[in-house]
Amino acid sequence: MVKCMETPRIRVFSVAHPNKRRQMARAIPEVQTKITIFADDDVTWPSKILHWILAPFEDPRMGGVGTCQRLRRAEKPSPSQRIYNYFGALYLERRNFDCAACTHVDGGLPCLSGRTVAYRTDMIQDEAFTFGFTNESWLCRYRLNADDDNFITRWTVSHGWKTHIQYHKEAEVQTTLEDNPMFLKQCLRWSRSNWRSNLTSMFVERHIWRQQPWSAYAVHLTTLSPPAFIGDAMLVYTCYKTVQDWDTQCGCVAFGTLGLWMCVSKFVKLLGHYIRYPIDFLFLPLSILFGYFHGFIKVYAMITLNV
């Protein structure tokens, strides 16, 4: 393909053994520009994304800039594909919400996703970065190949660089996720990555407590919160024990208020999606049920972090 394009600006490199981190480490030293951009092969860029992704680097302390992400909806999907696409779209919607909110509160974020992200080249060409990137392990026993974007994000923060998310239509990339049961394996992989990276950020490196206190509370600490099927059950039980001596009308009001609050709390981050696709309101009960099911995925991920 590159030969057919007949341009010296595109070069292809390889490594002896398939390994994403070592593949990235092979290419990074070849970069000659001040900014390096990583992109997955399944993303679609808007025409002006480079202007938006480069603008924050006018700040000399800006180390990494990420983008807003939306799911590219399948054409003529089957009923099951439509449901999996819906779950994937909501995953990205929640992620966009968390990243944008944390960025504008204290400059933090959960992770600069590698789907499309830019870093200052000097930072990632540092020999110490290359060594740490290609030799990271979990519990000093299990060498990591996954979690590459989490590592670079933590490196950026721990070395005093700023991070930013461009939350704008012209910085919005479209991507694909699995639209079949393999989506559940993606959720499991993402959950394992969150466990490993957030625990490392909070209890090993600990820079986020001082540099990004709101993000530490709003994003990282949620890793330790109980799954929804436990947390919501505890809320209902606590409410029941509280109102069991009340009159029936007041008890119903209390339970109704709790139910409304629980529904709103699960819905508010997804409001943007439902504004764009009102028809997806029909799937709202499925998203709530999947939220409870995802709690089991989170627990299973916790006990299989070495995988």
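## Second largest cavity

In this predicted model, the second largest cavity is lined by Glu136, Trp138, Leu144, Asp147, Arg154, Arg196, Ser197 and Thr200. About 40 Å³ of space lies within this cavity. Helix α8 provides the largest share of the lining, 3 residues. By class, the lining comprises 2 nonpolar, 2 polar and 4 charged residues.

## Largest cavity

The model has 2 cavities of 30 Å³ or more. The largest cavity holds about 110 Å³ of space, and 14 residues line it, with Arg154, Val157, Ser201, Ile208 and His220 closest to its centre. Helices α7 and α8 (182-205) each supply at least two lining residues, and the largest share, 4 residues, comes from α7. The lining of the largest cavity divides into 4 nonpolar, 7 polar and 3 charged residues.

## Second largest pocket

The second largest pocket contains about 1,500 Å³ of space. Its lining consists of 38 residues, and those nearest the centre are Arg11, Ala27, Val31, Thr36 and Ile37. Two or more lining residues come from each of α1 (2-5), α2 (20-27), β1 (35-39), α3 (49-54), β3 (116-120) and α7 (148-158). By class, 22 of the pocket's lining residues are nonpolar, 7 polar and 9 charged.

## Packing of α4 and α14

The axes of helix α4 (residues 79-106) and helix α14 (residues 284-302) come within 11 Å and cross at roughly 70°. Helices α4 and α14 are therefore roughly perpendicular to each other, and their crossing is right-handed. Ile83, Tyr86, Phe87 and Leu90 of α4 make the contact with Leu284, Leu286, Ser287 and Phe290 of α14. This contact has 7 nonpolar residues, 1 polar residue and no charged residues.

Definitions and conventions:
Residues numbered from 1 in each chain as written. Predicted model: local features only at pLDDT ≥ 70, side-chain atom pairs only at ≥ 80, totals over all residues. Heavy atoms only, no water. Axes fitted to C-alpha atoms, helices over the stretch in contact; angles between N-to-C directions. Parallel < 35°, antiparallel > 145°, perpendicular 65-115°, else oblique. Left-handed = near helix turned anticlockwise from the far one by under 90°. Contact = heavy atoms within 4.5 Å. Nonpolar A, V, L, I, M, F, W, Y, C, P; charged D, E, K, R; others polar. 1 Å grid on protein atoms, 1.4 Å probe; cavity = no way out; pocket = protein on both sides within 12 Å on 5 of 7 lines; lining within 4 Å. Points joined across faces, edges and corners; volume = space filled by probe spheres on them.
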